[in-house]
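Please look over this model with me.

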Amino acid sequence: MAGCLVPWDCHDTRLGSPPSLLSGHNGLVAVLVAVPMGLEVPTALWQAGVAPCARGCLGRQGCIPPEVISSVMLCFLQAAYLQRAGLRTAVLEKRHVLGGAAVTEEIVPGFKFSRASYLLSLLRPQIYTELELQRHGLRVFLRDPYSFTPLLEDRSCPRSLLLGHDMAQTQQQIAQFSQKDAQAYPEYEVFMGVLVSALDQLLDAPPVDTAALGQGSLLQRLRALRALRPLLRAGLTLGRQLPRYYEVLTAPISKILDQWFESEPLKATLATDAVIGAMASPHTPGSGYVLLHHVMGELKGRKGAWGYVAGGMGALSQAIARAATAQGAHIFTEKVVCQVLLGRNGQVQGVALQDGTEVRSKLVLSNASPQITFLELTPQEQLPKDFVQRIRQVDTRSPVTKINVAVDRLPSFLAAPNACDGQPLPHHQCSIHLNCESTHLLHQAFTEATHGHPSSRPMIELCIPSALDPGLAPRGCHVVSLFTQYTPSVLAGGQPWDEQARNAYADTVFDCIEAYAPGFKASVIGRDVLTPPDLERIFGLPSGNIFHGGMSLDQLYFARPAPSYSGYRSPVPGLYLCGSGAHPGGGVMGAAGRNAAQVALEDFRDL
């Protein structure tokens, strides 16, 4: 989705908004362009999620608040913050449903799916309180246990690995495979926790502006020096262990896990967080950072916890939207932004909609991908050639196909058969990892995709949110989310991802699930298969990439989205990037948007 935030007045009343907003008077407004991002979700504070138009443009706009979130559904966040800072805001959503990739949709009658993003953890804790999301209806089901890995074994009762927040029980589970690993696991958790604490300090501030340190005004230099503080605190947190932590960030995650553990089911289960959403193998250098990105969240005060949003991920978008409208923001659906408007001096003047409406503003915040924002919405002649080249070179390869399934009963796994009454058991609330017996299997699946072929034995993360939130499905039925990889966005030989290819891959996934849980295929009522091209077409994710670009070290911090432009400002004065393609990256996090809004508001005060 894409969204623009702008202090605005509108030159056309077709938006159907209150006369005071769209009558052409000189009230300030923020326009937000929002594009769907991170499926976990992911997120600019007050960005409205929008899917791209025929040209890939996004259709959301809203004002820029003091803080902004960098995810699809968080366009509303920016609107609320900007409105609170005294700017009038408008949020324009292309689709009929608010939230970008964080939406709840009834694809099969009676079954409510979190169609793209499906879990919550990374949303910055201060956003819950600042926007009073609980007061606006947000409820979250915490998962404990949180991870279940059944094995395919030639024995009457195959083993499984169940991980939860009770350390003693988790160690008992690991001890089935290795007593040594069971003893090492608590120390591993503490070790990783220290690194997460260090990196956490870098999330809520722009990267250091290295150019400003050596040039610019005294005020600019002081601001740049102030931005060094999070880096210094992070270094102090790591202390003498810095070389070891450096290795975690740069090495293949398989190398790090081999240093700690010997049992393959445990290593493969942990490795899934290092490759999920990434066209990478556990043997890919730098995959350790992606693991950290997925464990640095927090839910209900519990570090690293993940949960299901009651009512689906769309309920989070709705809560944020209510927080925005409570501050006075205006939200419009089925509006498509197709161009950023610039004045003769190259300064932003607002945005143009597909229907001819022009919304005038001094500031525009885009949580569309960098590719859509700068290669499609912004006049190319206004951008430096080297910057355009950098944006074109961003690695957006995606391995993800998301499949939403309606079933008439819970899956019953050979390693953990269902109870007689058919009610959910503890493992049904987990992320259920299939084809994860070893890191070698994950690497094989990755290798097939690098040659243009969907994995024959794909990595599958199966979630059943209705196990904790039964209102998502009719009585006795359930919704199943399948986050699968690896599927290349471009198939070998230029073959299209047509209906035949889509269904062939989905059948492969279902065959794999059937091996672990016989009867699964017979329980299926309907399915919704979203390949990388589908994720791009519907949600605006470039090449289907849930992060708006790979989370490799060469595309993070100083280099996200491009060197010298990591501080949310773009080469165009008044245009800001606040989505997953900006620091600190993808996920329903809100950090990029919140940071970008602060930067934009700071600049606005100087206008």
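Predicted model: local features only at pLDDT ≥ 70, side-chain atom pairs only at ≥ 80, totals over all residues.

1. Residues are numbered from 1 along each chain as its sequence is written, and side-chain values use heavy atoms, with hydrogens and water left out.

2. Start with the open sheet. Its seven strands run in the order β10-β9-β20-β21-β22-β19-β23, with mixed pairing. Strands are DSSP runs of E, at least two residues, and helices are runs of H or I, at least four, numbered from the N terminus. Two strands pair if DSSP finds at least two bridges between them.

3. Now the edges. β10 (160-163) and β23 (524-530) each have a single partner strand, so one side of each lacks a neighbour in the sheet. From one strand to the next, the twist averages 20°. Angles run from 0 to 180 degrees between N-to-C directions, with axes fitted to C-alpha atoms, for helices over the stretch in contact.

4. β9 (residues 147-150) and β20 (residues 431-434) pair in the parallel sense over two bridges. Ser-147 has Ser-431 as its bridge partner in β20.

5. Helix α17 (residues 499-516) packs on the sheet. Among the strands it touches are β9, β20 and β23; contact means heavy atoms within 4.5 Å. The direction of α17 makes about 125° with that of β23.

6. Which residues of helix α15 (residues 385-392) are buried? They are Phe-387, Val-388 and Ile-391 (buried: under 20% relative accessible area; exposed: over 50%; partly exposed: in between; 1.4 Å probe, protein chains only). Their arc around the axis is only 100°, so they lie on the same side of α15. The arc is that of the directions from the helix axis to the C-beta atoms. Lys-385, Asp-386 and Arg-392 are exposed on the other side. The cover over the buried residues includes α14 (370-377).
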